[in-house]
Structure formats: C-alpha cells, structure tokens
Amino acid sequence: MLSWPAPLLPTLPGTGPVLKVHDTARGEVVATNPDRTARMYVCGITPYDATHLGHAATYLAFDLVNRVWRDAGHAVHYVQNVTDIDDPLLERADRDNEDWIVLAMRETALFREDMTALRVLPPEDYVGAVEAIPRIVGYIETLLDEGLAYVLDDGTGDVYHDISRAPGFGSESRYDEATMLGFFAERGGDPERPGKRQPLDPMLWRGEREGEPSWPGPRGAKGRPGWHIECAAIALDTIGMGFDVQGGGSDLVFPHHEYSAVHGEALTGTKPFAQAYVHAAMIGLDGEKMSKSRGNLVFVSKLRGEGVDPMAIRLALLSGHYRTDRAWTPDLLREAQQRLGTWRRAVAQDSGAPAGPVLHGVRERLADDLDSPGAIALVDAWAAATLSGEGEREEQAPAVVCDTVDALLGVALQDC
Ligand code: ZN
C-alpha cells in the first residue's frame, strides 16, 4: 500500500549515542542493539475515523526512535500495517450506510496527510491487512497443521490459537490471568465463548458471516483474519523474527502485542518476536483518555483545518514524555506555538550561543528513553541565550541548532 512522502532529513556532524528504550517485557529501560539496519514494527490504524492526538502522539514517539537510530548511523527498516478489515470498520460503515472500502480508503488517505504534515518519517513497508490475507491464511494453515490451532466445532468455521500450546504466553505483558481476562473482554476478545479450549484463546480466522466481506481462507473456509495474526504475519514477511522494537499505544500491551508475539513464536519455533516492546502513553482530554469509544477526540486534521501549524502540534505532543499519560489542553497548544515562535526567531539570528552543547545534549536526552521534554528544555535555553544577545557567540550556531531540531525532534523551523 502507498506510504507517504519522506521529509528532508538533515545530516548532523558526528553520530549520536545508542538508543535506550523502556521494554514492557523486561519492565526496565534497555539499550537497543540493532544491526546495521534497525528493524521496527509499529501497529497502524484501523481506518474508520480520522487521526486523533492520541494516535499522533504514538507515531511521534516512534518517529523519534527512527530519527535517533538514523543519527546513530543505522539504516531503519520501518514497517506499519493498516487494519483495513475489522469489526469497528464494518460497524462504522454500516452505521453511516457507506461502503467499508470507501471509508477505509478515505481515512487512510487522511492519515497519510496528517503524518506528512507532522513530518513523520514514512514506513518502508506500509501493508494493508486485506492485501496480506493470502499470506496470513498460509500462516494459519501452518498452525492448524502443527496442531497449535483448532477449528471451533460449531459450524462457524472460526479458528483459534490453542494458548495452552504456547509456552511463551504472558511474557510480553507479564499480566496475571485475571488481568488478562479483564482486558481481553474489554478489548475485543471473547473469553466466554462456548467451545473454546481456553477462555484466553485468540481468534485467528473468523468464518464467513452473512452480509460481511470474506476471502478464501485456511483449508478453503471463507472468512477474514483476526487482528493479532495480521501483525504477526506482516512482521514475519517484512522484517522477520527478533526485530528490534515492536511499538504501539499502551492499550496494545494486552491482548494485541502478547498474541502477535505468541503467534510469531509458534510459527517460527524461535523467540523473542521482538527484542523490545515499547508503549506510548495515552493522551487525555478533560480528565479522560482520548478514545473513539468515549468520543472525546481532537483530530489532527481539524486543528490543521483551523490553521494550526502542524509543527506546533508536534511540539505540544513532544513536550511531555512518551510514557506519561498526559492531557491535551488549549494552554499546551498555546505554549507550543509561543515556543515555536521563539525558536524560529532565534535560528533567524546572524549568530547564536554555542551550538555544540545543544547538539550533544539533545542527542543524549533523546537516546535516554526518548526524553523529549529534556531535549526541548535544552533548545529553550539556547534560544533564550541567543535572543539575549549576550555571552559567547558563534556564526554557525543558528544553522546547526536548526538542523538539530529538524533531524532529531522532527520540527522544521525554517530553511536553515
Ligand atoms: Zn499490530
């Protein structure tokens, strides 16, 4: 599927340090250890609605991962999926009396526009679930052949992964069974369904239902794939097992990332699926998590339509740490707009405070579990010193800081 255009990425002098990130599976900040090409998979949208600020914050966090790795001298193979067939998409299309394909295409196009405006580096592989179905079916057949999956005995043709045969189950989220059962029921699972071998067995394939789209499936049974096997299959086909970072919002810790990992490990007989499972916190509005189910959403495209500079949206979201649940407020945006103005005035000066410590400091802060607030504070201090007109001055400093902010934080200030 078509990705979106890449923004220009300035090259900075020297190279940045090794990236450390928080791994959910180990519960601590760990150093990433990529090969020459770092490999990252970030779960994409289900395109039934526009990109809200919670989505944007997640993709911006992983955009920092991408930028820090590139600055450290790595190439990055970045993969993202689009869940362009799933229950919420069909339900929304049905509610609005619209063709689900048209809805998915329109919202995916809007997502691309939002990502382009926010200057997010595009994935190398941007893969839709529908285009991946033949491969997903092959993987489900493998699990059936090996006795790791079963067809439910109720005539629906639904296929489940037998989790009792998956020894690594639970090692990504590290949740106990009661917590898993709670999240599973809350987030699209079916723990109560009769006929399953274990309540926590996840669906791999949903047999054909009247009025729903379907494709040829495992052993000829028509239907459509489950969500978790979709991501496992796309990751295996693009970057393979043991890739460096599996990313997404914190609401994907369980069940989605747990099951994708279990599917990948069952299919290959190796582990881990990913070296680190990294999760971005939630963005709230008026005291509640921003989510489609609550309907309290602020859309990137709506802010853009109101004339808000996407760079101010980017700065506002990066002014909090990616692992801290935080609120979107008018003040947060105002502060980011003021900051952007200050930074732009500072890099437009003929000379500025020394740039070396800013470049070094921003690199060091971002490599330390993506400390974007710490990085922003360093640029604030440089801008204040530069605009004061006092102290040591360097002619090249405004251009170097402009490139630093662009390459590492992804905020374009001007043509520097
Ligand atoms: Zn996923």
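Two strands count as paired if DSSP finds at least two bridges between them, and strands (E, at least two residues) and helices (H or I, at least four) are DSSP runs numbered from the N terminus. With that in hand, G284 has K289 in β13 as its bridge partner. Strand β12 (residues 283-285) and β13 pair in the antiparallel sense over two bridges. They belong to an open sheet of three strands, ordered β13-β12-β14, with mixed pairing. Its edge strands, β13 (288-289) and β14 (326-327), each pair on one side only.

A word on the model: it is predicted, with local features needing pLDDT of at least 70 and side-chain atom pairs counting only at pLDDT 80 or more, while totals for chains, interfaces and linings use all residues. Residues are numbered from 1 along each chain as its sequence is written, and side-chain values use heavy atoms, with hydrogens and water left out.

**The five-stranded sheet**

Another open sheet has five strands in the order β5-β4-β3-β10-β11, with parallel pairing. Because β5 (125-128) and β11 (274-280) stand at the edges with a single partner strand each, one side of each has no neighbour in the sheet. From one strand to the next, the twist averages 20 degrees. Within this sheet, β3 (residues 37-42) and β10 (residues 243-249) run parallel and are joined by three bridges; V42 has G247 in β10 as its bridge partner.

**Helices and their angles**

Axes are lines fitted to C-alpha atoms, for helices over the stretch in contact, and angles run from 0 to 180 degrees between N-to-C directions. Contact means heavy atoms within 4.5 Å.

| Pair | Angle |
|---|---|
| α4 (residues 129-145) and β5 | about 80 degrees |
| α7 and β10 | about 150 degrees |
| α12 (residues 372-388) and α13 (residues 397-409) | about 160 degrees |

Helix α4 lies across β4 (75-82) as well as β5, while α7 touches β10 and β11. The axes of α12 and α13 are 12 Å apart, and these two helices are therefore roughly antiparallel (angles over 145 degrees). Their contact brings A375, I376, V379 and W382 of α12 against A397, P398, V401, V405 and L409 of α13.

**The zinc site**

Which protein atoms are donors of the zinc ion? They are C43 (SG), C231 (SG) and H256 (NE2), at 2.0 to 2.1 Å. Donors here are N, O and S atoms within 2.8 Å of the metal (3.2 Å for Na, K and Ca); water is not among the atoms, so sites may look incomplete. C231 sits in helix α6 (residues 227-238) and H256 in helix α7 (residues 253-268), 25 residues apart. Both C231 and H256 are buried, meaning under 20% relative accessible area (1.4 Å probe, protein chains only).

Note on methods:
Buried < 20%, exposed > 50% of the residue type's maximum accessible area, 1.4 Å probe, protein only. Parallel < 35°, antiparallel > 145°, perpendicular 65-115°, else oblique.
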